[in-house]
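Thanks for coming. I will take a few minutes on one structure, starting with its cores and ending with its helices.

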Amino acid sequence: MKYTKIHKEGYWILLGLCFVLFVVNLIIYMHYPKIIFAISTILSSLILIFFTYFFRNPNRIVEIDDPGLVVAPADGTVVVVEPTEESEYFGDRRIQVSIFMSIFNVHANWYPVAGRIVKSVHHSGNHMMAFLPKSSTENERSTVVIETPSGIQVLVRQVAGALARRIVTYAREGKKCRVNEQLGFIKFGSRVDLYFPLDTEVFVQVGDNTTGNETIIARLNE
């Protein structure tokens, strides 16, 4: 049975928000007419509901019997499916699949494949709109490379957007990872890029919606 809880990355933000809203409404209650206090209370409730909704952390477990299958690392919309040059790590052409997350999507990220983490690095950068192609190389981002048990390497890149100001990555070099584990969290609008070998069979196309840790997006040629 599925259930949803608050993600740990939102605990302190929600507590701080509750405190600020309480102080603001207390001041309004003491110094302004009741109608202003009523409006402020309604607006504060809506703000708190939105932030609570944003930091939701659904319990998702996927069961697959083919280690070559790649699971979507994020909720969102597929905005790129094409061969491209990946210059940061591979230095050759790869199939790029990019998933754009709006502020209404779940922003937890999952490992798309099981294996061992051979690279995990964070890059500072700009904060242009995440759906733009240049955001993959010019925005703040974290790059994680996973080597599967069969030796195939998959690159996952968390990309910050215009609103996203913090990328959280749990991946550490040398660590083993598996499907159903969270890779990290991106706060507010953002995207996740994946880079596969050219012989990978991709099951999604531009415009498709994905559900993190549920949608099967590709099969590696093992």
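**Cores, loops and a helix pair**

The largest nonpolar core in this model has 29 residues, and Val70, Tyr111, Ile146, Val156, Phe196, Ile217 and Leu220 have the most contacts inside it. Please keep in mind that the model is predicted.

Which elements supply this core? Those giving two or more residues are strands E5 (92–101), E8 (141–147), E9 (153–160), E12 (182–186), E13 (190–196) and E16 (216–219). Strand E5 gives the most, with 4 residues. Apart from this core lies another one, of 8 residues, including Val106, Ala108, Trp110 and Phe185.

If we leave aside neighbours within four places in sequence, Tyr111 is in contact with Ile117, Ile146, Tyr170, Ala171, Lys175, Cys177, Arg178, Val179, Glu181, Gln182 and Leu183. One of those partners, Ile146, is also listed among the core residues with the most contacts.

Next, the cysteines. How many disulfides does a search of the whole structure find? The search finds 0. Cys177, one of the contacts of Tyr111, counts as buried at 5% relative accessibility. Cys18 has a relative accessible area of 36%, so it is partly exposed.

Where do they lie? Asn180 is in the loop between strand E11 (176–177) and E12, while Asn213 is in the loop between strand E15 (209–210) and E16. Are they buried or partly exposed? Asn180 counts as partly exposed, because its relative accessibility is 22% and the cut-off for buried is under 20%. Asn213 has a relative accessible area of 0%, so it is buried.

Last, the helices. The axes of H1 (residues 11–31) and H2 (residues 34–54) come within 10 Å and cross at roughly 175 degrees. Angles over 145 degrees count as roughly antiparallel, and H1 and H2 are therefore roughly antiparallel to each other.

On the H1 side, the residues in contact are Ile13, Leu14, Leu17, Cys18, Leu21, Asn25, Ile28 and Tyr29. They meet Ile36, Phe37, Ser40, Thr41, Ser44, Ile47, Leu48, Phe51 and Thr52 in H2. How do these residues divide by type?

Methods
Residues are numbered from 1 along each chain as its sequence is written. This is a predicted model: local features need pLDDT of at least 70, side-chain atom pairs count only at pLDDT 80 or more; totals for chains, interfaces and linings use all residues. Side-chain values use heavy atoms; hydrogens and water are left out. Axes are lines fitted to C-alpha atoms, for helices over the stretch in contact, and angles run from 0 to 180 degrees between N-to-C directions. Angles under 35 degrees count as roughly parallel, over 145 as roughly antiparallel, 65 to 115 as roughly perpendicular and the rest as oblique. Contact means heavy atoms within 4.5 Å. A disulfide is a pair of cysteine sulfur atoms within 2.5 Å. Buried means under 20% relative accessible area, exposed over 50%, partly exposed in between (1.4 Å probe, protein chains only). A nonpolar core is a set of buried Ala, Val, Leu, Ile, Met, Phe, Trp, Tyr and Cys residues joined through side-chain atoms within 4.5 Å.
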